[in-house]
Amino acid sequence: MRITNNMVTNSILGELQQLETQQSSLQTEVSSGLAVTQPSDNPSAFGQVVQLEGQSNETAQFNKNASQALDLANASYSGLDSLQQIYDRASQLGALGNGTMGNASSATYADELDQLIQQAVQVANTKLNSTYIYAGTAVDKPPFTTTTNSSGQIGSVAYVGNLQQASIALSPTSGVSASTSGATNQGIADFINNMISLRSALSAGDTTAISTASASIASSDDLITSAVAENGAIQTRIQADQTQQQAYATELNSLISGDTNADLSQTIVKLNQAQVAYQASLQTAASVMHLSLLNYINLQ
Amino acid sequence: MSGLFSILGSAATALDAQSQAISVASNNIANVNNPEYSKEVASYKTLGSIYTPQGPQSMGITVNVEQERSAVLDQMVQQEASLTSGLTAQQNILQQAQSALGENITNSSTSSSSVSSVSTSGLSAAIDDFFNAFQALAANPTDSGQVQTVVQQAGVLTDRFQEVDQNLSQVQAAAESEAGSDVDSANQLLKQVAQLNKQIAAQESGNPGSALALRDQRQGALEKLAALIPISVKEDSTGMDQVSTTDTSGNSVALVSGVTVTNPLSYAAGAVSAGSTALGLSSGSIQGELSAGSGAVQSLRTSLDNLANQIVTSVNGAYNPSATAGGNFFLADGTTAGAISVDPNLTASTLVAGTGSAGDNSIATAVAKVADKAFSTVGGDLIDGTIGSFYGTVVSDIGQALDTVNTQVTDQTAVQTTVVNQRQSVSGVSVDEEMSNLMSYQRAFQASSEVFQVVDTLLANLVNSLGTVGG
C-alpha cells in the first residue's frame, strides 16, 4: 500500500485520540471509584441502581418509622408501668382499709388514694411530641376528662378518645399499631373509676364496698397487665423488624455497589496499559513525523 | 547544419517539459496537507518524429498533467461521511437528552456511616423523597414539620418534572433548528456544485478531465453535502456531476442536473423535501437530528408524561378517594410532565394525613403505598411495574439508546478512516515521492541544459573557427 503524508497524520491523530479517550475514562473510573456514572455507561446497571436506590431510600424511611413506633411503644409502656405501680399501692391500701377499724385511719388511706387517682389521671393523659398517647387517633385533646365532686376531688373519669389505632408502616406490606388499643384506654378509665369507688368506700369505712372495689380494681388491672404484655410483644416485633431492615439495607447497598463500583485493580492495570500505549504512540509519532527524504537529500 | 538547430529545438521542449513536471511536484508539495486535493501526476509523451534527409528527427517531448482520482473511492468516502455524520448528530442529541434528564451516580459518604455509598440524583431522588415524606407523615400525622416537608417535596417533584420536560423540549427544538440550518447549508452546497459544474464544463471543453483544481473543489463540496444528506453522484460526458437523493419510496430525486439546482431542499415540520417531493433520508446529519429528536427523545418525553399522569391520578385517588371538588393533592388537569403541579388549594394548613381524628394516618398511608403499587398497562394503567421500576426502565432506555449510538459511532469512524486512508493511498501526496521526483526532474533539467551548452560550443566552433585555417 502506498503511504502518503495525510494517512500518517490521520492515523497518528486517530490513535492518539482513541488512547486519550480511553485514558480519560479509565482515569475518571479510578478517581471516582465508579464504573457507572451516566446511564449510557451501563444502561441496565443504571436502571437497576435507580430501582435499588429507591428501595434503599424507602427502607431508610421504614427504619425511621420503626424508631418512631418504638418511641411510642416505649412511652406507652412507661405509662402502663406507672399505672401498674399505682395499682400495687392502691390494692395495698384496699387491703389495709379492709383490715383496719376506725374511720380516721381509713380516711388517711383515702387521702393517699386520692393522690394516686390524680397521678393516674395525669399518667393517662401523657403526651409524646405534643400528642396524647392513650387516645386512639384523637390525639389532639386530653383523652381522659374528669368531673369534680362536692369535696373538690376527682368524682369520675371518662374516656373521650376513640377506639381507632393508627398503623405505622414498617415495610411495604406490614404495619404496626404501637399505641394502646381502644379497649385498653377504656380499661384505664375503668381502673381509675374503680379507684374512685375504693376511695369513697375507704372514706365511708364501708368494708363490703372496700372488698367490692378492691376486686374491681384487680380485674381492671388484669387488662392493663395484658396491655403491658402486648406492648412487649410489639416492641420485640419492631426491633426484629429494624434488624431485618438494616440487613436488607446493607444488602441493597452491596447490590448497588456491585452494579456501579469499579474494579480498581483491573482498572488501574488497564490505565497503565493505556498509558504505555499512549507513550509508545507519541514516541513513534515523533520519530516517524520527523523523518522524510528531505533529511537526507541536498538538491543543488 | 539543420541537425544542430533541431537538437536545440528538442532540448527546448525537454526544458519546458521538466519545468512543467517540477511545477506539478511543487503544486503537489504545496497541497500535501489539503485533504480535498488529489495528487497530480506529470506523464511524459513524445511529440513524435519526422523523417528528414538526415534521418528520423525527434520533435521532443511534452507533459500531460493528470489527477490520481478514483470515482469508486470518492463515492465510498461520500457514503461513509454521510453515515458517520448521521450517527454523530444522533449521538450529540442523545447526549444532550441524557444530560437533560439529570440522572447520574455520585459517590457520597453519609455522615452516619463511614462507608461510602452511591446515590442517584434527578427525578428518581425527587420521586423517592416525595413518597417517603408521606411515609414519614403517616408515622407522625400531627407533626407540622412533616406536613411542611410533604408540601415542599411535592413542589420539588413537580418542579423537577417540569424542568426535565422543558430541558428535553429544548433539546428537541435545538435538533430541529440544527436540521433547518443544515438544510440551508445543503442548498448552498447544491448551488456551489451547480456553479462548479458550469465552470468545469467550460474549462474542459475539448480537453476532458483537465479542470483539476475545480474538480477537487467540487469533490470537497460533494463530501460536505453528503455529510448533510445521502446523495448519489454520476458524472456525465461533459464532466458535470448529476447529484440525486431518494424519496420516501426509494425513488431517485434529482437535486443538481448540469448547471442548475433542479430541486432545492426545504424543511418544514420535521420533514425535508426536495422541490415538492418528501425525502426518505437514511443517513446524514439532518436525518440523525430528526430521528433522534422524534425517536428516542420523544419516547423519553412520552414515558415521563405517562409517569407524571400515573402519579397525579394515583396520588389524587389515594388522597381524595371520594373525589371531593377542590380536595385533590395534584392539579387534576396537569397530567403531563410539563404541566404537573400541586393543586392550588393545597397548603400546609389544608393538607390532611387522615380522615376524622388528628392522629388518623389512613390518607398518608394510602398515598405512601402508591410508591409500592405494581401498575399494569394491561389492567388499564399508564405504566408497567412500580413507579420506581418504570422510571428505572425509562432511564435505562435512554442510556441504552446513547450507548448503542456510541458504539455505532466508534465502529463507523473506524470504517470511515479505512476508506479515507484507502483514498489517500491512491490520491494523497507523499513528500518522499515528490522529493525523489523533484530530484529526477532537476537532474533531467540540468542534463537538458548541458545539451544547450554542447550545441552552443559546437555552433561557436563552427561559426568562428571554420575556414580560418592559418588565419
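Visitor: What separates the centres of domain 1 of chain B and domain 2 of chain B?

Guide: In this predicted model, the centres of the two domains of chain B, taken over C-alpha atoms, are separated by 64 Å. Domain 1 consists of residues 1-68 + 428-471, and domain 2 of residues 70-427.

Visitor: How many residues of domain 1 of chain B are in contact with domain 2 of chain B?

Guide: Eight residues of domain 1 are in contact with nine residues of domain 2. The side of domain 1 that touches domain 2 comprises one nonpolar, three polar and four charged residues.

Visitor: What makes residues of chain A and chain B count as being in contact, and how many residues of each chain are involved?

Guide: The criterion is that C-beta atoms, placed from the backbone, lie within 7 Å. Contacts join 58 residues of chain A to 60 residues of chain B. On the chain A side, at least two residues each come from helix 1 (5-32), helix 2 (43-99), strand 5 (168-169) and helix 5 (207-260). Helix 2 of chain A gives the largest share, 16 residues. By class, this side of chain A holds 22 nonpolar, 31 polar and five charged residues.

Visitor: Why is helix 3 of chain B called mostly covered?

Guide: A residue is buried if 20 or more other C-beta atoms lie within 10 Å of its own. In helix 3 of chain B, 16 of the 17 residues are buried, and the helix is therefore described as mostly covered.

Visitor: What is the reach of helix 3 of chain B, and what is expected?

Guide: Helix 3 (residues 123-139) reaches 24 Å from its first C-alpha to its last, close to the 24 Å expected at 1.5 Å a residue.

Technical notes: Residues numbered from 1 in each chain as written. Chains lettered and ligands numbered in written order. Predicted model: local features only at pLDDT ≥ 70, side-chain atom pairs only at ≥ 80, totals over all residues. Domains from an automatic or database assignment. Contact = placed C-beta atoms within 7 Å. Nonpolar A, V, L, I, M, F, W, Y, C, P; charged D, E, K, R; others polar. Helix = DSSP H or I, 4+ residues; strand = E, 2+ residues; numbered from the N terminus. Expected span 1.5 Å × (residues − 1). Buried ≥ 20, exposed ≤ 12 C-beta atoms within 10 Å, placed from the backbone.
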